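Open your viewer and get ready to select residues by number. Each stop tells you what to pick and what is there.

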Amino acid sequence: GEAIELNWRSLQDATQDLRLRFDLPFLFNTPFGTDLSLKLFKRDSTFLEVNARAALTYLLPQGDKLSLFINSKSSDRLGNNVLAVPGLADVKLTTYGLGAERERFDYRFNPRRGHALQLEGAVGRKQSTTAVLGELEPSPDITSVQYELNGKAILHIPLKRRSTFRMAAQGGAMLNDLLYSNELYRMGGLKSLRGVDEASILCNAFAIGTFEYRFVYEENANFFVFFDQAWWEDSSKEQLVSDTPLGFGLGTTFETKAGLFSLTYALGKQFANPIELRNGKVHFGFTSLF
């Protein structure tokens with residue numbers, strides 16, 4: 001089936017996040033397909049990131065997928081560039097990579113048993129500069145090779161008739177000796193680390209483990225309690241910064257006439273800060289079925 005995705009978010013501090021995707025499998029009745037996407041991320045008046053991707057996919061039996069892709073990413077500082085801002089640069093990166101996906105759930109939207117796996121690796125050449133207008137001796141363009149690895153795994157183990165135990169792991173790494181804040185991963189929120197503000201953690205490497213108990217009381221409804229444990233590091237700064245934040249809480253997913261609605265309440269802990277009820281996060285999600 002074809003897939004058309006449109007996702008727009010307005011985050012804190014006048015930050016905008018737009019994602020577009022078009023997936024067309026079985027071109028000309030063959031196992032090949034195309035997967036095209038475009039992402040724009042604007043952090044207030046600091047920088048704008050544009051990420052365009054084109055992939056050739058090959059569909060295997062039972063829905064498994066292999067992909068060969070090219071990804072073009074640019075992250076440009078905004079404003080007049082009259083002052084150098086530490087940690088920021090104009091970055092252009094073109095990578096080439098391979099990906100694989102596998103899914104074996106008994107029911108995709110509310111599974112009790114099964115597993116899923118996504119793996120992706122890419123390598124490419126990056127050009128970066130910290131030059132600003134008016135410099136007597138402009139900073140040179142720096143060319144380097146960058147490696148990127150990303151992965152996600154999910155396992156559902158059924159418990160009795162209506163329960164399931166969900167274990168998930170996801171992570172990523174950017175490998176380069178010269179990284180900048182405006183090109184890093186943005187971690188936190190409903191799909192990564194619950195109990196933390198959306199896209200609030202900048203890092204070049206991260207790993208998140210999730211443990212979740214679900215009580216499935218209807219085909220498209222459940223109640224769950226969860227615990228997320230993460231690790232991340234940021235090597236773009238002069239001194240390496242690292243942390244092991246966590247999040248925990250409870251939530252529910254239920255069916256309405258318009259689709260599936262999810263509500264999650266989570267508490268989180270970062271660095272040495274204590275866990276406080278007043279810092280709890282409420283995450284909303286909605287899936288439309290048609």
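Select Ala199, in the loop between S10 and S11. Strands here are DSSP runs of E with at least two residues, numbered from the N terminus. Ala199 has a positive phi of about 55°, although it is not a glycine. Is Ala199 buried or exposed? Ala199 is buried, because its relative accessible area is 4%. Buried means under 20% relative accessible area, exposed means over 50%, and partly exposed lies in between (1.4 Å probe, protein chains only).

A word on what you are viewing. This is a predicted model, in which local features need pLDDT of at least 70 and side-chain atom pairs count only at pLDDT 80 or more, while totals for chains, interfaces and linings use all residues. Residues are numbered from 1 along each chain as its sequence is written, and side-chain values use heavy atoms, leaving out hydrogens and water.

Next, pick Ile201. Which residues does Ile201 contact, leaving aside neighbours within four places in sequence? They are Tyr185, Arg186, Met187, Leu193, Val196, Trp232, Pro245 and Gln270. Contact means heavy atoms within 4.5 Å.

In soluble globular proteins, nonpolar side chains tend to be buried together.

Now look for charges over rings. A charge sits over a ring if NZ of Lys or CZ of Arg is within 6 Å of the ring centre and within 35 degrees of the ring normal. Select Arg186 and Phe41: Arg186 lies over the ring face, 3.7 Å from the centre. Then select Arg194 and Phe226. The charged end of Arg194 sits over that ring, 3.7 Å from its centre.

Move on to ring pairs. Rings of Phe, Tyr and Trp (its six-membered ring) pair if their centres lie within 6.5 Å; planes under 30 degrees apart count as stacked, over 60 as edge-to-face and the rest as tilted. The count comes to nine aromatic pairs. Show Phe261 and Phe284: their centres are 6.1 Å apart and their planes at 45°, so the pair is tilted. Phe261 is in strand S16 (residues 260-269) and Phe284 in strand S17 (residues 281-287), 23 residues apart. Phe261 is partly exposed at 26%, while Phe284 is exposed at 54%.

Jump to Pro158, in strand S8 (residues 142-159). Pro158 is partly exposed, at 24% relative accessibility.

Finish with strands S1 (residues 3-11) and S2 (residues 15-24), which pair antiparallel over nine bridges. Strands pair if DSSP finds at least two bridges between them. Ala3 has Asp23 in S2 as its bridge partner. Nine bridges also join S2 to strand S3 (residues 32-43), again antiparallel. Here Phe22 stands opposite Leu36 in S3. Last, select Phe28 in the loop between S2 and S3. Phe28 is exposed, with a relative accessible area of 78%.

Methods
Helix = DSSP H or I, 4+ residues; strand = E, 2+ residues; numbered from the N terminus.
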